[in-house]
Amino acid sequence: MIERSTVLAAAMSVLAAGPAFAGKDTDTFTWTTSTEMDTPDIYYGNQREALITSYAMCDSLVHRDPVTNEYQPLLATSWKWTDDKTLELELREGVKFHDGTDFDAEDVAYTLNHVAAPDSDMKIRVIVDWIDNVEVVSPTKVVIHAKGPTPAALEYLTGTSPIFPSGHYESAPEVPGANNSTRRDWGAVVPVCTGPYKVTDYQPGQSLTLERNDNYWEGSPKGKPSIGKIVYRTIKDPETQIAELMTGGVDWIWGVPPENAEMLGSMDNLTVVSAPTMRMSFLSLDAAGRTGAGNPMTDVRVRKAVAHAIDREAISKSLVGEGSAVQKSMCVPVQFGCETDVTQYEYDPAKAKALLAEAGYPDGFEIDFFAYRDRAYSEAVLNYLREVGIKANFQFLQWRALRPLIAEDKTPMAHLTFGSNGILDVSASTSYYFKGSSDDYARDDEVRAWLDEGDSTTDPDARKGLYSKALKKIADEAYYLPLFVYGRTYAFNKDLDYPVTPDEMAHFYLAKWK
Amino acid sequence: MAAFITKRLALTVLVIIVTSIVAFMLVHLSGDPAAAMAGEGATDADIAAVRETYGFNRPLYAQYLDWVAKLLQGDFGRSYYLRMDVGDVLAEHMPITATLGALALGFALLLSVPLGVFAALWPNTMIDRFSLWLAVAGQALPSFLFALGLMYLFGVYLRWLPISGTGSWQNYIMPAIALGYYATPAIMRLTRSGMMDVLQSDHVRTARAYGLSPWRVIIKHSLRHAIIPVVSLAAVQLGFMLGGSIVIETIFSLKGIGYLAWESIQRADIEIIQAILLVIATAYALLTLVADLLNAALDPRIRVS
């Protein structure tokens, strides 16, 4: 792919013609990515494309400002915890759904109770699993009863939890299920929301069109929408995306390969910006001995040797490119509770060799190494490991083949990535990997206890303290080795004015033509 | 002839059944479809729920038989990913691939048959060498590179043609050329060698001796014989274009069958994969059958045997 991109980049860099952009003239903003959307309903899909769309067309109870990360009132005007399991929310009056019906407490209760039901088939359950039930107190007031203390509740109630009108899912088609039964395909219902844009056309696997909601309520922190039409198209091939962008067929792409970024940046009609994302890249090491007691990774000196062997700075800067940064701790810095003041292992191959010798591996050892994403990055890691004598048998698999191996104790060393499902709280990242699930190859009871407590304590300072302890121990023991946080490079029509944010999101409802 | 067709049809059905069983096994044994469906951020519980919903916890043979039972009722199943009935998904994607395949084959034949004939008429001349060069270039040039070259020239630089999508008929020009060119060398060379053989045969010499016009000899008495293997080859090439145009469909963002198959394999959309394999295997088998019948029509000797 890299060679292909270079060929096209070289060929296209000679092009200096100024194309006529259709975007601004027709007030139609077209964006494209290579992933087909499986549904625009974010409860039933977990793609960035669906989340971007959801933010534009839907409102949630709480808004997280994409620049300051502060929580602001959206459909809820205020909220308070009446005890550590009861969240009371006052709701906004005078808001209408795209279909013209009025928004009230019934809609909140309906939507959240529907997705929180155990058999709702919701995709990422953690977002609603904390909800026991939602009670309507009056048309402008609801109470959310949590199953237990949920400090991250407000985070869960932001854009990942849009509110649909009562009865929204009743039109879900009945489809064949397992064992000749039937089930409802809830995710097939196209969302109706209260947001700045409304869906006017959806072609599964192909495109989605949003049009400006001119009746969007005044005073929303998301602002009044400006651009008339937002069209999403899937274009698989990165070179095709670039060709379309250059000729004005599309106005926005992301994930521009580093080798193309410079060429696009030199074009008069385009803006190229890089920003960090929430996706972390790290090595999972079998400290717990799940793959067998004799596994070298059970020795902390070996794990530290691995950490010293890899030049994370070089991989992040030279290979991953703009927007990427070395990841210091097993979380992303924008997440609440992410302690980054933890033990760092500087690049020092000699020290790595010494540690290996001390651990009884003066000539290194052989180990199975698994990866599933961005082969080039994994190969860079392998090269560093080879330098200090660790010979890794590289197995590059698809996620669906790797996931069962991880669950079945078969991966002594794996190069993994995780985006925390876009949740800005350490309970979605560190807790995901170190609380004894099948992804946990450290199995440290002390760390687990701290995380458990942190996930269920409401006092923010106490939480920070607990997560800090857990993350410091994870780093001291070199359980997992954080490598880098992915960056993303965006390229778009220079007539477009919108904030590129560090949350791997595109807040198109804030966009305007210059 | 009837016995021949019956035997071929039975064989075809057998091939389709075996293909579908093998495909079903491969998809299930190459990883956990539930893990693919649940996505990356899924917990163990999320994955278990998916397994339960779609019945992946049952024995493979039971899942396969369920699929066959539904198929026999005309139900291709449902795409878990696109949330549409597979029949509707295919109806959306098939015409695109069929259009592309037909146009590409048309382009390939229009280019390669005349070239093959000219090359055979004037062997070892500039014409022959040019044809050979064109054929070698078609074989040597990776199709993605050729496609990107076309895209750069006609889409980006000259701006004559749309770059991607299926909005108008112009969208098919570049993909058809890119895909068809790939089939050109084989057809050209087969036409050339066939013509060379036929032109030296007794009946052509006789026809010439009778004083028939040269073009009549070439078209009616030579090409008709030389084209027989080309018909079989063209049928196979069309089968290839229907199933194997993944690269071209991806580059030009044509949402056809090849593209759909590739996407579906990546996300373990089993019912779509099964349906596509079934359709492609059937198309291949039918095309081969049609080629045989066409050959029989063109060559009486095949009809008799």
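Hi everyone. Let me begin with what I mean by a buried residue: one with 20 or more other C-beta atoms within 10 Å of its own, where the C-beta atoms are placed from the backbone. Please also keep in mind that this is a predicted model.

With that in hand, let's go to helix H12 of chain A, which runs over residues 399–407. Which of its residues are buried? They are A:Trp399, A:Arg400, A:Leu402, A:Arg403 and A:Ile406. Looking down the axis of H12(A), you find these buried residues within an arc of 160 degrees, so they line one face of the helix.

And what covers them? The cover includes two strands of chain A, E16 at 365–371 and E18 at 413–418, and also H2 of chain B.

Now, back to chain A and how it is divided. Domain 1 is made of 4–34, 194–275 and 489–513, domain 2 covers 35–193, and domain 3 covers 277–487. Taken over C-alpha atoms, the centres of domain 1 and domain 2 of chain A are 27 Å apart.

How many residues are in contact between those two domains? In chain A, 30 residues of domain 1 are in contact with 31 of domain 2. On the domain 1 side, the elements that give two or more residues are strands E10 (197–203), E11 (207–212) and E12 (229–234) of chain A. E10(A) supplies the largest share of that side, at four residues. The domain 1 side divides into 15 nonpolar, eleven polar and four charged residues.

Last, a word on annotation. An unreviewed UniProt entry places the feature "domain: Solute-binding protein family" at residues 70–436 of chain A. In the model, that span is 24% helix and 26% strand, and its end C-alpha atoms lie 32 Å apart.

How values were computed:
Residues are numbered from 1 along each chain as its sequence is written. Chains are lettered from A and ligands numbered from 1 in the order in which they are written. This is a predicted model: local features need pLDDT of at least 70, side-chain atom pairs count only at pLDDT 80 or more; totals for chains, interfaces and linings use all residues. Domain bounds come from an automatic or database domain assignment. Two residues are in contact if their C-beta atoms, placed from the backbone, lie within 7 Å. Ala, Val, Leu, Ile, Met, Phe, Trp, Tyr, Cys and Pro count as nonpolar, Asp, Glu, Lys and Arg as charged, and the others, Gly among them, as polar. UniProt positions are given in the numbering used here, feature names are shortened, and annotations may be inferred rather than shown by experiment. A residue is buried if 20 or more other C-beta atoms lie within 10 Å of its own, exposed if 12 or fewer, and partly exposed in between; C-beta atoms are placed from the backbone. The arc is that of the directions from the helix axis to the C-beta atoms.
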